[in-house]
Amino acid sequence: MEKALSGTVIAAGSEASADEERVWIQASQRGEAAAFNHLVIQWEQAIYNLCLRMLGNADEAAEVCQESFLAAFKNIRRFRRDARFSTWLYRIASNRCLTRLKRRPREQHFSLESESLGLPSRDRLSGAQHQEELVLRRERRERVGHALQKLSPDQRAVVVLKIYREQKFEEIAAALNAPVSTVKSRFYSSLEVLKRQLGHLSPSL
Amino acid sequence: MNAECKKYREQIAKGLFEDLEPAQTEAVEAHLRHCSDCAEQRILLLSTLSELRSLEEAPPPRHFYVYEDRGRSAFWNLFRQTSLLWRAVAGATLAVLLLLGGAAASNLQMRVDEGVVTLGFGKLSTQPEINPEQLKAEVLRAAQNQLLESRGEWMAQVRQEISQSEIALTQKQQDRLKLALDRMEGRFNDRIADEGAILEAKLNDSAVHIYRTLSRERQEQLALLNDRIDLLSVKGRIQGSQTEALMATVLQMADLRTGAR
């Protein structure tokens, strides 16, 4: 196991109970990096994908994801245990993403291309049906990527937290330090923009 | 799109996210049952959400572990692990020790002079010595001159009024009056001089006595202050060398207390 961990072996991908998470948080607040890395294992996929959907670039998403976890570990003592840890992490990550986006020139390419996503190897397997499915997936990712690019950074943050992280409006408002009414307004106006890009009257629906 | 549709169009998305009151939800559903345009909009929204949600989660390219800073001393780690209250106590103790040590190292001097506290580094410059006798003599001389001047003005005024008087006086009477006024003026001057001498004699001893008493007390106080500062300086040097051990003890006590909870 990596040098960051000592003692207990972490089983990647397994869900932690609320009690386990609380124990790790308490140990992290005492400065134990190994305990915090248990939390990293639990939440790194969610945080990485949050960053990826907001930034549209895998390298940048990885960078911001690492920064977010480092910031979380440094400030873990400020975390109030009556709040949800996931909401607190999303707050840190989304604010870092927003800072990056607002510094970025608007012309910078926003892409959710499969190559930058680093999809599982099954996508690279051959076979006519799989090839067709790959093409369809790639086209869908491009459509969604272009549609998300039409949104402002603030709108994108709300959409990503609501659609992909399934946060409540109140939690999103807390994470982005904005009023709930503002968050709802941004979300519903974003849906109208996305509807014009992605909406279709498919018989499958 | 009519006004009714416009109203419900805004609520269709809210209904999909359970952001409506039950009564509002029923009203929207009822409208969608007989309005094909709005029903179509709902389908477009649903397809949009479906497209968005079809985006797969990407696995992270690596783990995002954090590492402990092994360069930090055990003392610092212990410090970080204690509660805020104990860290504040430790910080305040360190600040006081540093202040005392700094004051001792910089040879801070303090002097109290007539209620005014003067601080400085190294030897403070002394104020010039005041000669009390000379000062007293000058004050008495000034008072005497002022008295002479005011008496002189009074005598001049008296003479003037007499000369302007309508009473007809013979030459002999005028001479006698002038002589009387001269004698009166002379007696005034002698009296002022005598009173000045008496006052000077009385003040002489008391002023010097007071000055000497104050001077002696001030020197005693300064000596006492210097002794205390020297003592603090020595203590500060000793305690400065034991600072980390003291801080470590305080923090370990805090750790034991927090661990005991």
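Predicted model: local features only at pLDDT ≥ 70, side-chain atom pairs only at ≥ 80, totals over all residues.
1. A residue counts as exposed when its relative accessible area is over 50%, and as buried when that area is under 20%.

2. E166(A) is exposed, because its relative accessible area is 66%, a value over the 50% cut-off. The residue sits in the loop that joins helix 7 and helix 8 of chain A, just after helix 7. As background, most residues other than glycine have a negative phi.

3. A positive phi is also found in chain B, where phi of E18(B) is near 55°, and this residue too is not glycine. E18(B) lies in the loop between helix 1 (3–16) and helix 2 (22–34) of chain B. With a relative accessibility of 76%, E18(B) counts as exposed.

4. Helix 7 of chain A covers residues 153–164, and at 1.5 Å a residue its twelve residues should span 16 Å; the C-alpha atoms at its ends are 16 Å apart, which agrees with that expectation.

5. How many of the twelve residues of helix 7 of chain A are buried? Eleven of them are, so the helix is largely enclosed by the rest of the structure. The buried residues include P153(A), Q155(A), R156(A) and K162(A), together with V158(A), V159(A) and V160(A).

6. The surroundings of helix 7 of chain A come from both chains, for its buried residues pack against helix 2 (33–55), helix 4 (85–103), helix 6 (128–149), helix 8 (169–176) and helix 9 (180–198) of chain A, and also against helix 3 (36–53) of chain B.

7. One of these neighbours, helix 4 of chain A, packs with helix 7 of chain A at an angle of about 150°, and the two axes are 10 Å apart. Angles over 145 degrees count as roughly antiparallel, and the two helices are therefore roughly antiparallel to each other. Helix 4 of chain A passes helix 7 of chain A in a right-handed crossing.

8. On the side of helix 4 of chain A, the contact is made by Y90(A), S94(A), L98(A), L101(A) and K102(A), and these meet P153(A), D154(A), R156(A), A157(A) and L161(A) in helix 7 of chain A. The residues of this contact divide into six nonpolar, one polar and three charged.

Key. Residues numbered from 1 in each chain as written. Chains lettered and ligands numbered in written order. Heavy atoms only, no water. Helix = DSSP H or I, 4+ residues; strand = E, 2+ residues; numbered from the N terminus. Expected span 1.5 Å × (residues − 1). Buried < 20%, exposed > 50% of the residue type's maximum accessible area, 1.4 Å probe, protein only. Contact = heavy atoms within 4.5 Å. Axes fitted to C-alpha atoms, helices over the stretch in contact; angles between N-to-C directions. Parallel < 35°, antiparallel > 145°, perpendicular 65-115°, else oblique. Left-handed = near helix turned anticlockwise from the far one by under 90°. Nonpolar A, V, L, I, M, F, W, Y, C, P; charged D, E, K, R; others polar.
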